[in-house]
Amino acid sequence: MHRILRLPAIAGMWIAGGLATGSGTIGLLAQEVVDLPEQDLRLSTDFELVYRIGSTEADAEWEEFFTIRSVGFDGAGNLYLLDGAGTDGGRRVVVADAAGSHAGDFGRPGDGPGEFQMAMELIVWDDGRTLVRDMMRGYHVFGPGGEFERTVREAGQGIGLGTRAGLRPERTGSRTVVVRDERSILRIDMSSAEVEDRVLVEGWAPRAPTELPVGADFEDVLDMMGDEWGFEPELLFDPLPSGGVAFSDSSAYAIKVTDSSGRVSHILRRAIRPLPVTERMRRTERERRLQREANRQVTQLGGGGEPPLEIREMFNRFGATRRAALENMRFYPEVPVVAAVHATWEGSLWVQRSTEPGTSESGPIDVLAEDGRYVGTFPVGRLEMPDAFGPDGLAVFVETDEFDVPVITVRRLPEQIR
């Protein structure tokens, strides 16, 4: 059984003091705590433009994108884009080479080998192999040339039972991915017909998890949906080139870095206090989630024709339960400092900080070197987090033009922030 040790509260926040590894050992005494500078050092956003594709003014038919659902680079700098439509998910994978020229397409809608029914996510390994997460059919694995290799399923998975979201490719192998499952980070082997996973890291849990009983039905699912929390610290993570992960699991600025076994080797801290939650923040967050839920319900019921009456009733009950939970949601007392954690191809960490809830500007982004040194910060509103990092300093940013058509921009980062 995995245990989590908690240190006393610092500035009103609980910090995970020890983290269980996949083997169940606790790495507490070996952790090095690195206190980073308190003052921000401003970084420039003047990045070299490598290429831009897409938009309503696209020069070629291959770059007429509908919705870019997921992107990733391989080790040669080729960019892979999962393009889709509506609620049906991705319909094809488009590949652009390192110069932004068309290198090919693969995948298509259907129910045959390597065909998509509801493709929602793409990951790319260094050698060019790709994995497409299909909510209805499992995981499709394609070779470096786009040739279909196999389908991988969750143990006991049937049609329509879903898959795990938020996959990250491991850089140390072309068959493994890393994913979050509640407050755990798992390493998953995708080399056989069924996924094989093991716990890499157990993150700190701010509250006891709610678990479905064995043999749970739809009524059990509805019963457990009434516990909704605002500003709960997320478990944010990204794999490192070394095989470890960097993650944040509390309200504080405390980035934990592990080795390939999951043992935490050091913790990177900045003395930045979380924002206290106000009544206005609670109201804004509740309204935002209610609006998102309303949009989600409309999208689900609006795609693919009129669903059967039984399905419509299930959606309606699910939506009503969700709305009631959101209207009565509870809140943590502070807004977590960290909003996102990403690692570059070379191993630097990009840590995005939160802004006050309800503001439209993107939060400042701190850049930390592979050895934990603080490099600098992109100020509030100056830079969106890249959608993916690639080799040789490549970074891709996915935006939309005035007609909501995707525009994909690839830039090259200066060496100091790679």
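View 1. At 26% relative accessibility, P241 counts as partly exposed, a class that lies between buried (under 20% relative accessible area) and exposed (over 50%), using a 1.4 Å probe and protein chains only. This is a predicted model, in which local features need pLDDT of at least 70 and side-chain atom pairs count only at pLDDT 80 or more, while totals for chains, interfaces and linings use all residues. Residues are numbered from 1 along each chain as its sequence is written, and side-chain values use heavy atoms, with hydrogens and water left out. P241 sits in the loop between β16 and β17 (245-248); strands (E, at least two residues) and helices (H or I, at least four) are DSSP runs numbered from the N terminus. Leaving out residues up to four places away in sequence, P241 touches R171, T172, T344, W345, E346 and G347, where contact means heavy atoms within 4.5 Å. With W345, the C-alpha to C-alpha separation is 6.9 Å in space, against 104 residues in sequence.

**View 2. F47, a buried phenylalanine in a loop.** Here the loop runs between β1 (32-35) and β2, and it holds F47. F47 counts as buried because its relative accessible area is 6%. Apart from neighbours within four places in sequence, the contacts of F47 are W350, F378, L383, F397, R411, R412, L413, P414 and I417. From F47 to L413 the C-alpha atoms are 5.7 Å apart, although 366 residues separate the two in sequence.

**View 3. Strand β25 and its two partners.** I365 and V367 on one side of β25 (residues 365-368), and D366 and L368 on the other, are all buried. Strand β24 (residues 349-353) pairs with β25 in the antiparallel sense over 4 bridges; pairing requires at least two DSSP bridges between the strands. Q352 stands opposite I365. β25 is also joined by 4 bridges to the antiparallel strand β26 (residues 374-378), where T377 is the bridge partner of D366. The hairpin of β25 and β26 has 5 residues between the strands, and G372 in the turn has a positive phi of about 95°.

**View 4. The largest nonpolar core.** This core has 17 residues, and those with the most contacts inside it are F73, L79, V396 and I408. A nonpolar core is a set of buried Ala, Val, Leu, Ile, Met, Phe, Trp, Tyr and Cys residues joined through side-chain atoms within 4.5 Å. Two or more residues each come from β2 (48-54), β3, β4 (79-84), β5 (90-96), β28 (394-400) and β29 (406-412), and β3 gives the most, with 3. Beyond its neighbours within four places in sequence, V396 is in contact with V71, F73, L79, P386, D387, A388, I408, T409 and V410.

**View 5. The second largest pocket.** Its volume is about 730 Å³, the space filled by probe spheres set on grid points joined across faces, edges and corners. On a 1 Å grid over the protein atoms alone, a pocket is an open set of points where a 1.4 Å probe fits, with protein on both sides within 12 Å along at least five of seven lines; lining residues have an atom within 4 Å of a point. Of the 30 lining residues, V71, L167, R168, D387 and A388 are the closest to the centre. β3 gives the most to the lining, with 6 residues.
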